[in-house]
Amino acid sequence: MKNETAFSVGKRDMYFILGLVILISGLAGYNEYRSAKLKESIQQVALLQTKLFEAFASSTESTIEDVNARINNLTNESVALSGAIQSTQNRNEVVAEQIGRVSGTVGSLDKLSKTDPQLLQKYSKVYFLNEHYTPSALETVPAEFSYNKNTKYQVHAKMYPYLNSMLNDAKTTGLSLQVISAFRSYGTQAALKSSYKVTYGAGTANQFSADQGYSEHQLGTTLDFTTPTVGASYEGFDATPEFAWLTANAYKYGFVLSYPKNNKYYMYEPWHWRYVGKDLALKLHTEGKYFYDLEQRVIDNYLLLIFE
């Protein structure tokens with residue numbers, strides 16, 4: 001089962017937009033040609049004025065009134081031509097602006113077509129990731145930030161620089177923020193959920209663990225954090241300085257808390273953080289909201305900016 005993306009760009013749409021760019025560019029070229037011809041006309045008028053004055057200086061038959069009349073006519077023509085040139089230049093500026101907008105649209109659509117639409121979907125009991133989905137590329141978390149030094153924790157490669165900056169900045173403040181869970185494949189999630197059902201029972205397991213295909217961890221942009229003192233139990237993580245620091249600073253790096261207190265999906269998980277991009281994270285932090293508070297159509301507007 002695959003999700004349909006609102007951002008896939010069909011060939012017909014791309015050809016239409018490219019055709020529009022070519023048409024507008026042609027109009028711009030035509031306006032530039034008209035502008036050049038008008039300038040040439042003004043130069044011809046100036047040449048005629050020069051010849052007229054020369055004729056006046058050498059002629060004994062012309063009258064001052066005739067010369068003045070001709071000069072006035074030439075001046076009026078010159079003013080009219082100048083106005084036409086200015087009008088053409090104004091149109092050229094408008095066309096150039098339109099070309100810029102269309103080119104920007106083409107660039108944005110092309111960028112969206114290459115951005116994984118799954119990255120900002122609501123997966124907790126809402127959308128489904130099939131068993132074949134994996135991130136486009138994975139990066140391994142350094143051992144110094146790993147809870148279990150013998151475990152290879154991997155994350156989405158494009159998200160890794162933001163995670164690395166956050167972990168290093170936390171470290172400079174004297175904190176020991178460690179990754180204890182990162183990317184989990186469909187199969188890994190299925191095995192984990194089965195073990196939880198055996199240990200805690202299906203009812204309890206469903207309160208804190210997603211079924212395979214509904215876990216944010218499969219995206220590679222979601223992590224569970226702990227500290228050396230809290231360990232694998234997670235107990236008391238929300239009372240640590242590390243959690244307080246994440247709450248105040250994680251949004252600056254693009255991370256948000258997925259499951260706050262009283263959410264309708266799973267139990268409160270202060271250790272579970274998801275990368276959604278700096279722009280969306282800032283919006284949520286500023287408005288005091290959480291990821292699952294927003295409608296999907298609002299969230300989708302931030303997909304283009306997720307790795308900016």
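Helices (H or I, at least four residues) and strands (E, at least two) here are DSSP runs, numbered from the N terminus. This is a predicted model, where local features need pLDDT of at least 70, side-chain atom pairs count only at pLDDT 80 or more, and totals for chains, interfaces and linings use all residues. Residue numbers start from 1 along each chain as its sequence is written, and side-chain values use heavy atoms, with hydrogens and water left out.

**View 1. N262, in the loop between β5 and β6.** N262 isn't a glycine, yet its phi is positive, near 65 degrees.

**View 2. Y234, in the loop between β4 and α6.** Here's another non-glycine with a positive phi, about 65 degrees. Y234 sits at 18% relative accessibility, so it counts as buried.

**View 3. The largest nonpolar core, with 53 residues.** A nonpolar core is a set of buried Ala, Val, Leu, Ile, Met, Phe, Trp, Tyr and Cys residues joined through side-chain atoms within 4.5 Å. L163, F225 and F255 touch the most other members. Elements giving at least two residues each include β4 (222-226), β5 (255-257) and α3 (160-172); α3 supplies the largest share, 6 residues.

**View 4. L163 and what it touches.** Leave out residues up to four places away in sequence, and L163 touches V141, V155, L223, F225 and F255. Contact means heavy atoms within 4.5 Å.

Terms used. Buried < 20%, exposed > 50% of the residue type's maximum accessible area, 1.4 Å probe, protein only.
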